[in-house]
Amino acid sequence: MADPQTLVDDYGHYIDGRWVDADTGRYDVVNPATEQVMASAPNASVDLVGKAVEAARNAFDSGVWSQAAPAERADCIQQLSAALLAHAEEIYAVAQAEWGCTANERIIHVEGPAFMVGNAAGLAREPAEAPLDAWGASGKTLLRYEPLGVVSILTPWNFPHTLNAMKVGAALAAGNTIVLKPSPLTPLAALVLARLIDEETDIPPGVVNVVTPDSVAASAALTQDPRVDMVSFTGSSAVGRAVMAAAAPTMKRVLLECGGKSAAILTDDVEVTDELLSRLLFECCTLHAGQACILNSRLLLPASLHDDVVGRLAELARGAVVGDPTDASVTVGPLISAEHLDRVEGFVNRAISDGATVVTGGRRPKELPTGFYFEPTILTDATPSCAIAQEEVFGPVLTVLRYRDDDEAVAIANNSQYGLGGAVWAGDVDRAVAIARRIRTGQISINGTIAGDAPFGGFGQSGIGREGGVLGLRSYMEPKVIGVPA
């Protein structure tokens with residue numbers, strides 16, 4: 001087997017099928033578990049980012065990808081899926097070192113992205129044109145979907161490989177060309193993807209370009225350049241709004257997947273099993289150390305269950321193993337940076353000042369002086385409108401709120417600027433579905449049922465548009481209607 005570290009390297013930018021040296025120096029990539037520099041990444045000026053856009057523009061306009069047969073595109077994307085699976089161990093090593101992936105999260109960060117790209121290969125074969133039953137048509141009406149053009153993809157640091165693969169796969173399946181810019185905290189994930197595209201697929205030069213600038217100006221160029229047709233962004237709602245504003249003058253299409261403050265509701269008739277509690281802790285608090293927008297970071301409990309559930313959850317949280325993700329026994333890895341650790345700690349301290357009670361956690365582990373770690377934390381006695389119940393913490397912090405009846409549970413769940421996810425756990429499934437239908441959110445599970453290849457996105461400040469499935473594919477395409485004489 002190949003050395004699992006072989007994909008950790010000091011890469012250049014990937015532009016027009018070639019590796020290009022940095023034109024403004026390099027910056028360090030830090031392992032959040034050890035605080036040690038693990039590699040360096042190439043910085044890029046606005047001019048160099050513009051060259052990546054030019055390469056993508058030329059590749060699109062040439063038709064080498066957009067006009068290729070669907071089967072040809074599908075085969076190339078499937079090559080990428082196969083490469084991601086073949087190099088799973090090496091990618092896992094990068095995931096552990098660059099963004100703190102633990103063993104219990106591996107499938108989300110490693111194998112899952114390969115399957116997403118494989119699914120995109122299938123979507124590439126979706127018919128792009130079909131007759132439309134249009135009222136009042138004098139002849140035949142065709143509805144056709146065409147690629148948008150050049151897509152700039154901006155991804156965050158929490159699930160970098162997953163989001164890079166998902167977005168690149170869908171954009172390629174639709175026939176677009178791409179400039180991918182990852183977070184400067186996790187640039188290697190994108191450069192690894194570029195390396196596998198370069199070495200193990202027949203995707204033509206210029207179709208996928210990867211640049212890793214760390215400046216706001218260079219990043220903003222990808223939202224402002226008139227040669228870019230669409231911006232696909234995942235990250236905070238604040239940055240998402242800035243992306244929208246920057247894209248507005250040229251009316252770029254935008255796909256935004258932003259923050260969340262989702263609620264999990266337990267009804268008074270649910271059986272509270274140990275399995276349920278384990279899922280709640282993982283899906284509400286400890287998944288990737290709480291650094292996931294989809295976390296149900298508010299837990300809504302009726303009075304009859306409150307004390308028992310909180311006590312049992314706190315015991316589970318105390319048993320979580322926090323530490324370096326290269327240790328297979330670790331279940332909660334580090335936060336991404338020292339700055340983010342300070343931010344999470346600040347949220348908890350503010351919650352305490354606002355009257356919340358720390359049931360467990362609430363601090364940096366004393367036994368881990370090195371690394372950006374924070375204990376799984378459970379808070380009670382907060383009000384639904386206080387900051388800890390309203391703002392996205394992005395750390396292993398669960399806020400427990402009481403409710404009186406189903407109406408109040410729905411009201412509390414909807415008392416948020418966000419609307420990304422959620423869950424209802426109940427003995428009566430019909431009751432749970434009725435509650436779910438009233439919650440303003442993009443996706444919600446009943447008794448842990450996870451939707452399959454379905455559209456993913458949110459209401460309100462959680463974003464615009466959907467990713468996943470055929471609807472997600474169409475987000476990267478423009479509809480065209482053709483009237484044909486009878």
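Mentor: A residue is called buried under 20% relative accessible area, exposed over 50% and partly exposed in between, with a 1.4 Å probe and protein chains only. The model is predicted, so local features need pLDDT of at least 70 and side-chain atom pairs count only at pLDDT 80 or more, while totals for chains, interfaces and linings use all residues. Residues are numbered from 1 along each chain as its sequence is written, and side-chain values use heavy atoms, leaving out hydrogens and water.

Ser297, at a relative accessible area of 10%, is buried, and its place is the loop that joins α10 (274–286) to β13 (298–302) (DSSP runs, H or I of at least four residues for helices and E of at least two for strands, numbered from the N terminus). Apart from residues up to four places away in sequence, Ser297 touches Lys261, Ser262 and Cys284, together with Val397, Leu398 and Thr399, contact being heavy atoms within 4.5 Å. Asp23, by contrast, is partly exposed at 39% relative accessibility, and lies in the loop between β2 (18–20) and β3 (26–30). With neighbours within four places in sequence set aside, Asp23 is in contact with Asn43, Ala44, Ser45 and Leu48, whereas its C-alpha atom is 33 Å from that of Leu85, a residue 62 positions away along the chain.

The domain assignment (automatic or from a database) gives domain 1 as 4–258 + 462–484 and domain 2 as 263–446. Their centres, taken over C-alpha atoms, are separated by 31 Å, and 26 residues of domain 1 are in contact with 30 residues of domain 2.

Now to the packing itself. Helix α1 (residues 46–62) packs with helix α8 (residues 216–224) at about 30 degrees, and their axes are 9 Å apart; axes are fitted to C-alpha atoms over the stretch in contact, and angles run from 0 to 180 degrees between N-to-C directions. The two helices are therefore roughly parallel (under 35 degrees; over 145 is roughly antiparallel, 65 to 115 roughly perpendicular, the rest oblique). From α1 come Val46, Val49 and Val53, and these meet Ala217, Ala218, Ala221 and Leu222 of α8. This contact has seven nonpolar residues, no polar and no charged ones, where Ala, Val, Leu, Ile, Met, Phe, Trp, Tyr, Cys and Pro are nonpolar, Asp, Glu, Lys and Arg charged, and the others, Gly among them, polar.

For helix α3 (residues 88–99) and helix α7 (residues 187–200) the angle is about 160 degrees, with the axes 9 Å apart, which makes the pair roughly antiparallel. Here α3 contributes Ile91, Val94, Glu98 and Trp99, while α7 contributes Pro187, Leu188, Ala189, Val192 and Leu196, a set that divides into eight nonpolar, no polar and one charged.

Helix α2 (residues 70–86) and helix α5 (residues 111–123) pack at about 170 degrees, their axes 8 Å apart, and α2 is therefore roughly antiparallel to α5. The residues of α2 in this contact include Ala74, Ile77, Gln78, Ser81 and Leu85, and those of α5 include Glu111, Pro113, Phe115, Val117 and Gly118. Taken as a whole, the contact of α2 with α5 divides into eleven nonpolar, three polar and one charged residue.
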